[in-house]
Amino acid sequence: MAIRVMLADDHILMREGIRQLLEFDGSIEVVGEANDGEECLDILQIFKPQVLLLDINMPKKNGIEVLEEIKREKTDVKVLILTVHTEIEYLIKALDIGVDGFILKDSESAELKRAIVAIVNGEKYIQPKLIPALNNRLIAKDVDKDKIASLTNRELEVLIQVANGLFNKEIATSLNISERTVKNHISNIFKKIDVSDRTQAAVFAIKNDIIKL
């Protein structure tokens, strides 16, 4: 019996090309298509595919938001993200949410089919060329956790304010402390998280989900 797959991608030509590749030998059947994230969630219940091939860049709801809702609603479908994004942060985020597979759009059709079969069989599939960067990022993430743990509660509060773009005077007023104290906290924060300016501190906070964009 053919594996039932649904495609969610806002590019019609991309969906047509993927459909032809997947259905070529009869082992996979594309049972539905969606043009945006909201449509994907609406018709997912109608087609009930075994696998959802999900793009990240889509209108209305992006792929990460769709994945979050699928996991929150405990929808019975395996999710394979198919994307142009090579940035490892997307992969980390998807894995944290519970994605079943992650593959780039420059992969060969044989690898895409291999990924689909793997996740249907209960395995996780990450495109092999992404593994080294993933491992390096996970190591760096562990280091960042240690840096975050070294911050006091007050320093964490100040870091959040810095990352949100507040000036020292505004932080002092918000936290009811002196500007001098704020400067001392910021100096300590920079040393502990190994950054040299407010922009780097903000990037650190965003990267580690201390604040949300």
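Which residues have the most contacts inside the largest nonpolar core? They are Cys 40, Leu 52, Leu 54, Ile 70, Ile 81 and Phe 102, in a core of 27 residues. This is a predicted model, in which local features need pLDDT of at least 70, side-chain atom pairs count only at pLDDT 80 or more, and totals for chains, interfaces and linings use all residues. Residues are numbered from 1 along each chain as its sequence is written, and side-chain values use heavy atoms, with hydrogens and water left out.

**Cores**

- A nonpolar core is a set of buried Ala, Val, Leu, Ile, Met, Phe, Trp, Tyr and Cys residues joined through side-chain atoms within 4.5 Å; buried means under 20% relative accessible area, exposed over 50% and partly exposed in between (1.4 Å probe, protein chains only).
- The largest nonpolar core has 27 residues, and the elements giving two or more residues to this core are β1 (3-8), α2 (37-47), β3 (51-54), α3 (63-72), β4 (78-83), α4 (88-97) and β5 (101-104).
- A second, separate core has 20 residues, including Ala 163, Ile 171, Val 182 and Phe 204.
- Helices (H or I, at least four residues) and strands (E, at least two) are DSSP runs, numbered from the N terminus.

- Five of the six residues of β4 are buried.
- β3 and β4 run parallel and are joined by four bridges; strands pair if DSSP finds at least two bridges between them.
- Leu 54 has Ile 81 as its bridge partner in β4.
- From β3 the chain passes through α3 to β4 in a right-handed β-α-β crossover, that is, with the strands pointing away from the viewer, the path from the first strand over the helix to the second runs clockwise.
- Four bridges also join β4 to β5, again in parallel, and Ile 81 has Phe 102 as its bridge partner in β5.
- The β-α-β crossover from β4 through α4 to β5 is right-handed.

**Leu 104**

- Leu 104 is in strand β5 and is buried, at 3% relative accessible area.
- Leaving aside neighbours within four places in sequence, Leu 104 is in contact (heavy atoms within 4.5 Å) with Leu 82, Thr 83, His 85, Thr 86, Gln 127, Lys 129 and Leu 130.

**Helices α7 and α9**

- In α7 (residues 153-163), the buried residues are Glu 155, Val 158, Leu 159, Gln 161, Val 162 and Ala 163.
- These buried residues pack against α8 (168-175), α9 and α10 (198-207).
- Ile 189, in α9 (residues 179-193), is buried, with a relative accessible area of 2%.
- Not counting residues up to four places away in sequence, Ile 189 touches Leu 151, Glu 155, Val 158 and Leu 159.
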